[in-house]
Amino acid sequence: MGMWAAVDALWDLPAEKRIFGAVLLFSWIVYLWETFLAQRQFILLFGGIPYLWRLSGRFCGSAGFGPEYEITQSLVFLLLATLFSALTGLPWSLYNTFVIEEKHGFNHQTLEFFMKDAIKKFIVTQCILLPVSSLLLYIIKIGGDYFFIYAWLFTLVVSLVLVTIYADYIAPLFDKFTPLPEGKLKQEIEVMAKNIDFPLTKVYVVEGSKRSSHSNAYFYGFFKNKRIVLFDTLLEEYSVPSKDNQEEPGMETRNDGQGDSEEIKTKVKNKKQGCKNEEVLAVLGHELGHWKLGHTVKNIIISQMNSFLCFFLFAVLIGRKELFAAFGFYAANPL
């Protein structure tokens, strides 16, 4: 009755307040529904977390690592937990890719490519997660009463490093990045960047077409070293240089068609048409607008404030047995 009373009350308000109230009411309904679903996790109700902790302890014990090796056990626990998460989430990812995306003509992946990509993502994630987690746990162990400050500073540094190296060293493990060739589009991008004092250094094209026909653009980098990445599906006439011929231009065809090989023309003709230059600039302008208005910095500050608050609350509650008992750790503190 309360919800329907709120709906009825909306109609007595002016139009602009009705719209705002409707959006607010819908947001609360979604939030409450998601909270309800989260509370029904089987992983929580059936003691999945303490079970994985005990299982990781048995694995460590069989390998000769006793209870004093809590960091080692924690890493085994993380490995098992992420493996469990990946396996249980796999059917939903398959459905999203090969049913929903396929239905609307966006999917370009084969099942073999999808599975290889999923395995590679899992391996790369573990190569980052496990070393970082081991250092974080060590800081918590030796940090004393103010460990939450040191832990927060460590995660801040790690997040900044990952943001810095992601596009140059991690993303290329999954997709091919090539510099945008010289031409009208690159000149227009450079002019746009100069007009808003965006410190652009390089423009790349990422081969997103092997995954889907979705288009996007983004920028990355800190201080005076900003770089822009365009999805190849966003460009109207672009083909990624082949492995057999790295000197192939792989760029927009010229209007007169002179000097372009038949191979390149065929590639461009067979590719799904992307956006015209004006549309590409409009998409990119939206992304650069986030930088101009300081949204990226604001989001980093907000996320770090939230991270610090979480570490602080953890420090307050870490000594309370009730916290661990609430999640099924009745025998002993797992830390």
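Is arginine 227 buried or exposed? Arginine 227 is buried, with a relative accessible area of 13%, where buried means under 20% relative accessible area, exposed over 50% and partly exposed in between (1.4 Å probe, protein chains only). The model is predicted, so local features need pLDDT of at least 70, side-chain atom pairs count only at pLDDT 80 or more, and totals for chains, interfaces and linings use all residues. Residues are numbered from 1 along each chain as its sequence is written, and side-chain values use heavy atoms, with hydrogens and water left out.

Arginine 227 also takes part in a salt bridge, its side chain meeting that of aspartate 168 (3.1 Å, N to O). The two partners come from distant parts of the chain, 59 residues apart: aspartate 168 sits in helix H7 (residues 147–170) and arginine 227 in strand E4. Helices (H or I, at least four residues) and strands (E, at least two) are DSSP runs, numbered from the N terminus. Aspartate 168 is partly exposed, at a relative accessible area of 31%.

Side chains of opposite charge can pair when their charged atoms come close. Across the whole structure, the search finds 8 salt bridges, each being a side-chain nitrogen of Lys or Arg within 4 Å of a carboxyl oxygen of Asp or Glu. Another of them joins arginine 211 and aspartate 117 (2.5 Å, N to O). Arginine 211 lies in the loop between E2 and E3 and aspartate 117 in helix H6, so this pair ties together parts that are 94 residues apart in sequence. Both arginine 211 and aspartate 117 are buried. These two residues belong to a network of salt bridges that also links Lys121, Asp175 and Lys210. Lysine 186 pairs with glutamate 182, with the closest N and O atoms 2.9 Å apart; lysine 186 is buried, at 15%, whereas glutamate 182 is exposed, at 55%.

Turning to the aromatic residues, the structure holds 10 aromatic pairs. Rings of Phe, Tyr and Trp (its six-membered ring) pair if their centres lie within 6.5 Å; planes under 30 degrees apart count as stacked, over 60 as edge-to-face and the rest as tilted. Phenylalanine 98 and phenylalanine 114 form an edge-to-face pair, 5.5 Å centre to centre with 70 degrees between the planes. This pair links helix H5 (residues 70–103), which holds phenylalanine 98, to helix H6 (residues 111–142), which holds phenylalanine 114. Phenylalanine 98 is partly exposed, at 25%, while phenylalanine 114 is buried, at 9%. Phenylalanine 147 and phenylalanine 148 are edge-to-face as well, because their ring centres are 6.4 Å apart and their planes stand at 85 degrees.

The largest nonpolar core has 17 residues, of which Leu180, Leu185, Ile189, Ile228, Leu230, Leu235 and Leu284 touch the most other members. Such a core is a set of buried Ala, Val, Leu, Ile, Met, Phe, Trp, Tyr and Cys residues joined through side-chain atoms within 4.5 Å. Among the elements that each supply at least two residues are helix H8 (184–195) and strand E4 (226–231), and H10 gives the most, with 4 residues.

Aspartate 197 has a positive phi, near 60 degrees, in a residue other than glycine, and is exposed, at 60% relative accessibility.
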